[in-house]
Amino acid sequence: MPRPVVPGRPLPLRVAVPLAVAAGLALLVAFPPYGVWPLAPVGVALLAAAAHRRRLRAGAGLGFLTGVAFFAPLLAWTNLHTGYLPWVLLSLLQAGYLALLGAATAWVSPLADRARWAWPALTGLLWVGQEALRDRTPFGGFPWGRLAFSQDTSPLLRLAALGGAPLVTFAVALIGGLLVTAAWRGWVTAQRPAAPPSDAVPGAESPLDGSSPAGATAARRWTPVAVPAVVAVALTAGGLLVPVATAGSGAGVTVAIVQGNVPRLGLDFNAQRQAVLNNHVDATIELAGRVAAGQQPRPDLVVWPENSSDIDPLRNPTAGARISQAADTIGAPILVGAVLLGPGAGQVRNAGILWRPGTGPDLDQLYTKRHPVPFAEYVPLRDVARMVSKQVDLIRNDFVPGSTPGVVRAGPAVLGDVICFEVAYDEVVRDTVTGGAQLLVVQTNNATFNVAEARQQMAMVRLRAVEHGRPALMASTVGVSGFVAPDGRVSDATGFNTREVVVRQLRLDDGRTLATRLGWWPEVALAALAAAALLGAAVLRRRQRVRPG
């Protein structure tokens, strides 16, 4: 028979290990392309149960198992064209942060055992603290797989308007903490028969394990199980009560997204750069033909994706002439995703540049990507990295970061331009809104990835739209492209690896949500409370060690 759960003991290891693996798989299925968002708090609950009351090393090991089961398949798109080693290293690095989370969960177990309300709150705080660390380290961090990004179709998405992604993550993990509290007490209650009245012992009720006073009714025995479960459901449904904008309240603007596609998926899209540029020019000219025929409205703005011109159009006259041809034919400015040479020798920039009809490039409206991706757009510690994989030499020129937010004044609208993975970073997106952006634009290139990565990125765009109360769009070379309303709804989503043009009228907005005004303070507050919990657990552990007996 399985060993019963009793005060002071963790789950048997033969139970905890499968729970840790199941936690990672539940988290995985919560994210696109699966999108079963209720499994995110379930995954949180399973890891919390597995690591509770364990030694630090055991907690770290269980967290690492969860991390590998979660991140390895979630990030499988990173090995499609670069080999297995970068994918394995990245997955193991990200799993290391969940190992820290598992150790922290084990460390705060005395606090969770001390008070009934503590476990759910501690679980939420530790997840926010772990993500705050992972989002920033090393080399600027890698926020992929944040709990908040699994909730793009959940009622909890609306919480982003109050406190951004950190508040959504906290809510998901808090609900997971409520679930594990209910399940733990339920298991113990089911194993312990109610004591007869003659056996009642005053004060015998455990604060965590749910043993009932002698003579308690069955309803009272199961109250510690039912209450957390009911609260978890109520909190989830309560997200629907958070008000969010359904459409902008300002002027209307007609925007076209051009998804020109590439001849072949993979890393050799760079060798096809003239063909990729031609695809976007030709698709824009075809759109102009439909406009002239009255089949579609004339756009006020056209958005091309990242890498739509990997030939520097400021230095290559032929590339510049082709883009000018497209802008003049459509009669609207085009936001072009371009690779620009310089500023120094051997350096390049990943940029969004506004190309106006009649006048060409507007150098005053140029955004350079502020957060290049390490080991993909630049190689830190190149000599050391080369010892791990010679693939790093595929990146011959390092991309240099820009220094100013992506606020692009396009005439009909002020754009908040972020490029590719930048949409995952809170401050990069927020800086465009506080700088005056009325429409969030995500230029991306998914030609080296797959549809799973594209849908995960679209989930981030949905959260950003709700977080800042702005209409948003994602323009990709190969898909998925589409428009997002301020309440997170997606419209006109394109297929993957197809050539498509979508046109939509949007309402702009200048207002600011509470999340925009608060900025990073919700995350700071929650992470500080997580640090306080770790310190409080240290104090409690010391007192328990020195207590007589």
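## The nonpolar cores

A nonpolar core is a set of buried Ala, Val, Leu, Ile, Met, Phe, Trp, Tyr and Cys residues joined through side-chain atoms within 4.5 Å, where buried means under 20% relative accessible area (1.4 Å probe, protein chains only). This is a predicted model, in which local features need pLDDT of at least 70 and side-chain atom pairs count only at pLDDT 80 or more, while totals for chains, interfaces and linings use all residues. Residues are numbered from 1 along each chain as its sequence is written, and side-chain values use heavy atoms, with hydrogens and water left out.

The largest nonpolar core has 100 residues, and Trp-127, Val-255, Leu-415 and Leu-473 touch the most other members. Helix H7 (residues 160–191) supplies the largest share of this core, 12 residues. Helices are DSSP runs (H or I, at least four residues) numbered from the N terminus.

## Around Trp-127

Leaving aside neighbours within four places in sequence, Trp-127 is in contact (heavy atoms within 4.5 Å) with residues including Val-44, Leu-47, Leu-98 and Ala-173.

Trp-127 also takes part where H2 meets helix H6: Val-44, Leu-47, Ala-48 and Ala-49 in H2 meet Trp-119, Thr-123 and Trp-127 in H6.

## Two partners for H2

H2 and H6 (residues 118–134) pack at an angle of about 105 degrees, so they are roughly perpendicular (65 to 115 degrees) to each other.

With helix H3 (residues 56–74), H2 (residues 39–51) packs at about 155 degrees; the two are therefore roughly antiparallel (over 145 degrees). Here Leu-47, Ala-50 and Ala-51 in H2 meet Gly-59, Leu-62, Gly-63 and Thr-66 in H3.

Notes. Axes fitted to C-alpha atoms, helices over the stretch in contact; angles between N-to-C directions. Helix = DSSP H or I, 4+ residues; strand = E, 2+ residues; numbered from the N terminus. Parallel < 35°, antiparallel > 145°, perpendicular 65-115°, else oblique. Buried < 20%, exposed > 50% of the residue type's maximum accessible area, 1.4 Å probe, protein only.
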